[in-house]
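Visitor: I'd like a close look at a single part of this one. Could you walk me through it slowly?

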Amino acid sequence: MKILVTVGTGAFDGLISNVSNSSLVSDNLIDIQYGSSSVNWEDTDSIRYFDYIDNIEKTYDQYDFIIAHCGAGTVFSLLEQGYSFVTVPNTERCDHHQLELAEYLKKNNYCSVCLEISRLPQLVQTYRKADYSTYEKEEFFLSQRILSLINRC
């Protein structure tokens with residue numbers, strides 16, 4: 001299986017280290033986008049590391065599965081496009097907004113949420129897309145009004 005791990009623009013060394021040293025490595029090809037990590041990650045036979053991937057949303061279809069930090073931009077892009085993924089809230093951040101989003105995702109059964117990083121390989125291996133609800137994007141209710149105000153200027 002070909003897996004993408006993405007942490008967005010920030011650092012999430014715990015996730016990268018966990019995946020890099022997990023049982024996922026033995027049976028899969030893994031691309032890891034590591035953001036602003038200060039660690040010098042080195043490619044192996046089964047893992048390629050990238051600090052940034054241009055237009056990452058356009059590469060999602062190259063992967064069988066995605067492991068993502070619980071950043072709103074990443075998560076909602078994956079949900080809107082219907083990809084299979086496990087999200088891992090980045091608790092290494094000083095704020096904990098990713099935990100709030102993780103609770104919302106779990107409550108609405110939109111994807112698998114990994115709150116214990118040691119369980120990540122098990123969650124990836126047992127993931128079944130059919131077990132999750134389909135996300136339907138809700139348009140922002142004031143978008144037309146804002147556009148009309150902008151157009152007046």
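Visitor: Which residues are buried in H4?

Guide: First, a bit of housekeeping. This is a predicted model, so local features need pLDDT of at least 70 and side-chain atom pairs count only at pLDDT 80 or more, while totals for chains, interfaces and linings use all residues. Residues are numbered from 1 along each chain as its sequence is written, and side-chain values use heavy atoms, with hydrogens and water left out.

Now for H4, which spans residues 97-107. Helices here are DSSP runs of H or I with at least four residues, strands are E runs of at least two, and both are numbered from the N terminus. The buried residues of H4 are Gln98, Leu101, Ala102 and Leu105. Buried means under 20% relative accessible area, exposed means over 50%, and partly exposed is in between (1.4 Å probe, protein chains only). Looking down the axis of H4, you'd find those buried residues within an arc of 105°, so they line one face of the helix. The arc is taken from the directions that run from the helix axis to the C-beta atoms. As a rule, an α-helix has 3.6 residues a turn, so residues three or four places apart point the same way.

What sits over the buried side? The cover includes S4, H3, S5 and strand S6 (112-113). H3 covers residues 72-81, and its buried ones are Thr74, Val75, Ser77, Leu78 and Leu79. These pack against H4 in return, along with S1, S4 and S5; contact here means heavy atoms within 4.5 Å.

Leu78, Ala102, Leu105 and Tyr110 are among the 19 residues of a second, separate core. A nonpolar core is a set of buried Ala, Val, Leu, Ile, Met, Phe, Trp, Tyr and Cys residues joined through side-chain atoms within 4.5 Å. The largest such core has 24 residues, and those with the most contacts inside it are Leu15, Ile30, Ile67 and Leu120.

Finally, check what comes after each helix. Asparagine 109 follows H4 and has a positive phi, near 55°. Just after H3, glycine 82 takes a positive phi too, of about 75°.
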